[in-house]
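Open the model in your viewer and keep the selection panel at hand.

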Amino acid sequence: MDQRRLADNLEAVRQRIAAAAKRSGRGADAVTLVAVTKRNSPEMIRPLVALGARDLGENYPQELWKKADALGDLDVRWHLIGHLQGNKAKKTLPMVRYIHAVDSLKLLQTLDALAAEVPDAPPVCLQVNTSGEAAKHGWEPAALLAEADAIAACRSIPIVGLMTMAAFGTTADSARPSFVLLRETRDALRARTDLPLTELSMGMSNDFETAIVEGATLVRVGSALFEGVAP
Ligand SMILES: *Cc1c(COP(=O)(O)O)cnc(C)c1O
């Protein structure tokens, strides 16, 4: 693998994050880079961690379990960024620093019940379908607001923000309405509950700068980091 290329990619992504944060009137430290390691082996991930990437994202729980095990000697924070089935919640909860994509009230309530029994339950974001695509998980914005009271009644699991994915195939520009809608939905849910909702998890390789300008605090970037690195 091309370690030099990996270092260059990471540096370029960091600079683009800092520049976009500045355009949004914030410092680079207002945005956390979650390096999405899915489809990359532990051997590919180790050098990335050595370069300083500490927040790593996986979208399948079983993949995350395997990699957390294989890289158990490293000081990393695992983020589950994909769908979590209720029956995998108990095992996953203590292994992760962050859950990005809680996509139903049922799952949220399952996590809330588990969180009541463990110290330091990880913070979670609620996934909102801002693109209208049928294949996307998550609440429709109106459905999320309709369940505001039931969501706010979950007192054990820390609900810290919202998460979304722009439609498949969108560009940096055409993704913008999704990110604006997520921010507006967050503001509306915040107005109806006492949840702080400080986090917006939005933006991937194709569109993370747009997401940051629209308020992202967590960006999930994979291919821009690993591009050209594999042999
Ligand atoms: C794969 C994935 C990403 C990263 O996508 P890239 O285009 O590779 O940056 C971000 N978020 C989720 C939920 C993903 O599944």
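Select the ligand: the space it takes is the largest pocket. A pocket here is an open set of points on a 1 Å grid over the protein atoms alone, with protein on both sides within 12 Å along at least five of seven lines; a molecule sits in one if more than half of its atoms lie within 2 Å of its grid points.

This is a predicted model, in which local features need pLDDT of at least 70 and side-chain atom pairs pLDDT 80 or more, while totals for chains, interfaces and linings use all residues. Residues are numbered from 1 along each chain as its sequence is written, and side-chain values use heavy atoms, without hydrogens and water.

Now show the polar contacts (pairs of N or O atoms within 3.5 Å).

- R220: a polar side-chain atom lies 2.9 Å from a nitrogen atom of the ligand.
- G222: a polar backbone atom is 2.8 Å from a ligand oxygen atom.
- S223: a backbone N or O atom lies 2.8 Å from an oxygen atom of the ligand.

Of the 380 Å² of accessible area that the ligand has on its own, the protein covers 88% (Shrake-Rupley method, 1.4 Å probe).

Finally, zoom out to the C-alpha trace, which spans about 50 × 40 × 30 Å along its principal axes.

Note on methods. Polar contact = N/O pair within 3.5 Å; in protein donor to acceptor, adjacent residues only side chain to side chain. 1 Å grid on protein atoms, 1.4 Å probe; cavity = no way out; pocket = protein on both sides within 12 Å on 5 of 7 lines; lining within 4 Å.
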